[in-house]
Amino acid sequence: MKVWFLLLALAWGGALGQSALELEVLQRTNQVRTERGLRPLQWDALAYKAALGHAQDMLRRNFFAHQNPDGLGAAERLRDAGVLEVTVGENLASFEGYPDPEIPRRALTGWMNSPGHRANLLKPEFTHLGVALVREGRRVMVVQNFIGRPFDPQVRLLPVQAERTVLVLSGTAPGTVGVFVGNNLYARLDPPIQARLELPPKAEVSFAVFDGQTWWATRNGERGLRLETTLEQSLVPGRQISLGLPAGNYTLAVGAQPRFWQNVSGPVRLELVLPGTLEALWLGIRQGNSVNYSQRIPLKP
C-alpha cells in the first residue's frame, strides 16, 4: 500500500454534490480546528469544483503535484472555478490499495503529522473548504482547497461597454516621478518618461518627484518636471459590477496587480462600470496605513 502527501498555501455558482467521504474529511478537519479554538470551515461549492477538477486531472494524466502539466497552480484553478478570494491554499494526498472508508482518517492523520499541511488545516484566516475524494482503480486522490473569505461582497457581474481612459506621458524629470490618484501612489516612472497608464474612472491625477527620501508634490513645469500629457478615451468591453461592503474601511484597486483607486467606508452598496482592459478590481480591508487585499474580481467579460 502506498500514500503520498503534498501541500500548497498562498496569500492569492450553484451547489455541487459531495460524497459522504468528502464530508467526513470536512468534519475531521473541523474537529482538529475546534479542538484548538479555531472556527470551523464552511463547505464551499466553488472550492469543491476546483478540487474535484484537479483530483480527476491528476488521475487522468497520471501526475501528483500542485502545478498541473499546463503550468496552472491552485490559485489559477480556484480563480477559473469562480473563486474571488486572494487567500487560498491546497492540501493533496494520494493513496493506493486502501479501502475507501479508511481514506478520510488516513488523510487527516498524514496531514496533521506534516508541518506544512498542518499549517493549512489550522490557519485562522481560512473560512471555507472544498474537498474532492476520487478513486480510479486502486488509486485515490484527495484534494482540499481552502479559502479565506473575511466577508461576502455578493458580487453580480454583467457584460457592458465601458469607457477606457489612458494617460500618455512623455518628458523629463530630475528623478523618479510618482503618478498619484486620490493622493495615493498609482505608478512610478523613471526618466526619461515615456509611458501609457490606464486610469480608473474619474481619476484625479497629480504628480510628485522623489529625491531619494521624500516625495515632493510638483506641478508640471516645476522642480525640473517637464511633461507632455494626453488623455486617450475609447469604448471597450467591460463589466458592470454590483457589490456590497459591510461596516468597515476598504480600498478599491485596479490592475493585474493592485493599483490604488479609492477608499470606501461601509456599509455600502456599490455600482461600478469598469473596462476589461484594467483586468481586475481588487477589494482590500484597510487598517491604518496598511491594506490587505481579500478579493480579486476579473473584469474581462
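Which residues touch the most other members of the largest nonpolar core? They are Leu169 and Leu281, in a core of 34 residues. What you're looking at is a predicted model, where local features need pLDDT of at least 70, side-chain atom pairs count only at pLDDT 80 or more, and totals for chains, interfaces and linings use all residues. Residues are numbered from 1 along each chain as its sequence is written, and side-chain values use heavy atoms, leaving out hydrogens and water.

**The big picture**

- The protein has 5 helices and 15 strands; these are DSSP runs numbered from the N terminus, with at least four residues (H or I) for a helix and at least two (E) for a strand.
- Taken along the principal axes, the box filled by the C-alpha atoms is roughly 75 × 40 × 40 Å.
- Of the 301 residues, 48% are buried (buried is under 20% relative accessible area, exposed over 50%, and partly exposed in between, using a 1.4 Å probe and protein chains only).
- The accessible surface comes to about 14,700 Å², and carbon and sulfur atoms hold 49% of that (the Shrake-Rupley method with a 1.4 Å probe gives these areas; for residues, only the protein chains shown count as cover).
- There are 32 positive and 26 negative side chains, and the centres of the two sets sit 3 Å apart (Lys and Arg count as positive, Asp and Glu as negative, with His and the chain ends not counted; each charge is placed at NZ of Lys, CZ of Arg, CG of Asp or CD of Glu).

**The nonpolar cores**

- In soluble globular proteins, nonpolar side chains tend to be buried together.
- A nonpolar core here is a set of buried Ala, Val, Leu, Ile, Met, Phe, Trp, Tyr and Cys residues joined through side-chain atoms within 4.5 Å.
- Back to the 34-residue core with Leu169 and Leu281: strands that each supply at least two of its residues include β6 (156-172), β13 (259-275) and β14.
- β12 gives this core its largest share, 7 residues.
- Apart from this core lies another one of 22 residues, among them Tyr98, Trp111, Leu121 and Val140.
- Beyond its neighbours within four places in sequence, Leu281 has contacts that include Ile241, Leu252, Trp261, Leu274 and Ile297 (contact means heavy atoms within 4.5 Å).

**Strands side by side**

- β12 (residues 226-254) and β14 (residues 280-287) pair in the antiparallel sense over 5 bridges (strands pair if DSSP finds at least two bridges between them).
- Ala253 stands opposite Trp282 in β14.
- β14 also runs antiparallel to β15 (residues 290-298), joined to that strand by 8 bridges, and Leu283 stands opposite Gln295 in β15.
- β14 and β15 make a hairpin with 2 residues between them, and Gly288 in the turn has a positive phi of about 65°.

- Helix α4 (residues 103-112) is largely enclosed by the rest of the structure, because 7 of its 10 residues are buried; Pro104, Leu108 and Trp111 are among them.
- Ala162 is in strand β6 and is buried, at a relative accessible area of 1%.
- Leaving out neighbours within four places in sequence, Ala162 has contacts including Leu235, Val236 and Val273.
- Thr176 sits in the loop between β6 and β7, and counts as buried because its relative accessibility is 19%.
- Thr176 and Pro191 are 15 residues apart along the chain, with their C-alpha atoms separated by 6.5 Å.
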